[in-house]
Amino acid sequence: MSESPIPVVMCFSGLDPTGGAGVQADIETLASMGGHAAPIITALTVQDTRSARRFEAVDPMLLIEQARGVLEDMPVAAFKLGMLGSVEVIEAIHSILADYPDIPLVLDPVLAAGGGGELADDPIINAMKTLLMPQTTVLTPNSEEARRLAPEADSLAACGQELLDMGPEYVLITGGHEPGPHIDNMLYANHRQLETFSWDRLPHSYHGSGCTLASGIAGLLAQGLDPFAAIHEAQEFTWHALQQGFRPGMGQHVPNRLFWARGDDE
């Protein structure tokens, strides 16, 4: 298979009709990272910038056909997983990933919409933990997701260690839901906390911030950056996209992932 001059990232994500999160967040972020998104739709959602109301997962055989067709045609350099929708979809993705163990994988464990609305139940969470985390290069839960994924842990630090034990190489727990003037994102690897990244807290809440961060990491891994550098640079990109975000509806703000294209100094 020939090498692509622009690295391809396969994104398994839900379709968000607002364009704030999900597959559109992946596409915009990867374009900003100098990559090309190959989007595989996992679920259709009914949501706005305030909350998610319902969703339907795609047929797993259709998902497998979508992904296999692209993988046999393009040199995929990284995988990014977002909303998954059903246990059957997770099993289908697991069967695909098993054939590509050397391609880096970023897993954003989407359990709820940013504005509210559950997107994953306990069977989905359990399937994610047993089938996907052992293949994950970088896991990117927010603090609420980390607590749901590791309910026995008595602190976020303990969550990080417990999540590492499930198989990911790196775990980045983002702190946007925690109180304080700064957002502290904690990175774990090699059985310990490697780094705390501190960012000024912005004044709004945002729809699609987690998708942006995970896609940014995947895009930079596809470019050949080592995981630590990709994790740091993707956070910086995400912070600037949020800083220059906008409010298209009546709910949360949406990241401006194309802020760099405005041609001004803002």
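Two strands are paired if DSSP finds at least two bridges between them; strands are DSSP runs of E with at least two residues, helices runs of H or I with at least four, both numbered from the N terminus. The model is predicted: local features need pLDDT of at least 70, side-chain atom pairs count only at pLDDT 80 or more, and totals for chains, interfaces and linings use all residues. Residues are numbered from 1 along each chain as its sequence is written, and side-chain values use heavy atoms, with hydrogens and water left out.

**Exercise 1.** Describe the pairing of S8 and S9 and the turn of their hairpin.

Solution. 
1. S8 and S9 run antiparallel and are joined by eight bridges.
2. Ala 189 lies opposite Arg 192 of S9.
3. Two residues separate the strands of this hairpin, where Asn 190 has a positive phi near 55°.

**Exercise 2.** Characterise the salt bridge between Arg 257 and Glu 28.

Solution. 
1. A salt bridge requires a side-chain nitrogen of Lys or Arg within 4 Å of a carboxyl oxygen of Asp or Glu; the N to O distance here is 3.0 Å.
2. The partners are 229 residues apart, with Glu 28 in helix H1 (residues 22-32) and Arg 257 in the segment after H8.
3. Both Arg 257 and Glu 28 are buried (under 20% relative accessible area; exposed is over 50%, partly exposed in between; 1.4 Å probe, protein chains only).

**Exercise 3.** Classify the accessibility of Arg 50 and Asp 48, which form a salt bridge.

Solution. 
1. Arg 50 has a relative accessible area of 44%, so Arg 50 is partly exposed.
2. Asp 48 has 17%, and is therefore buried.
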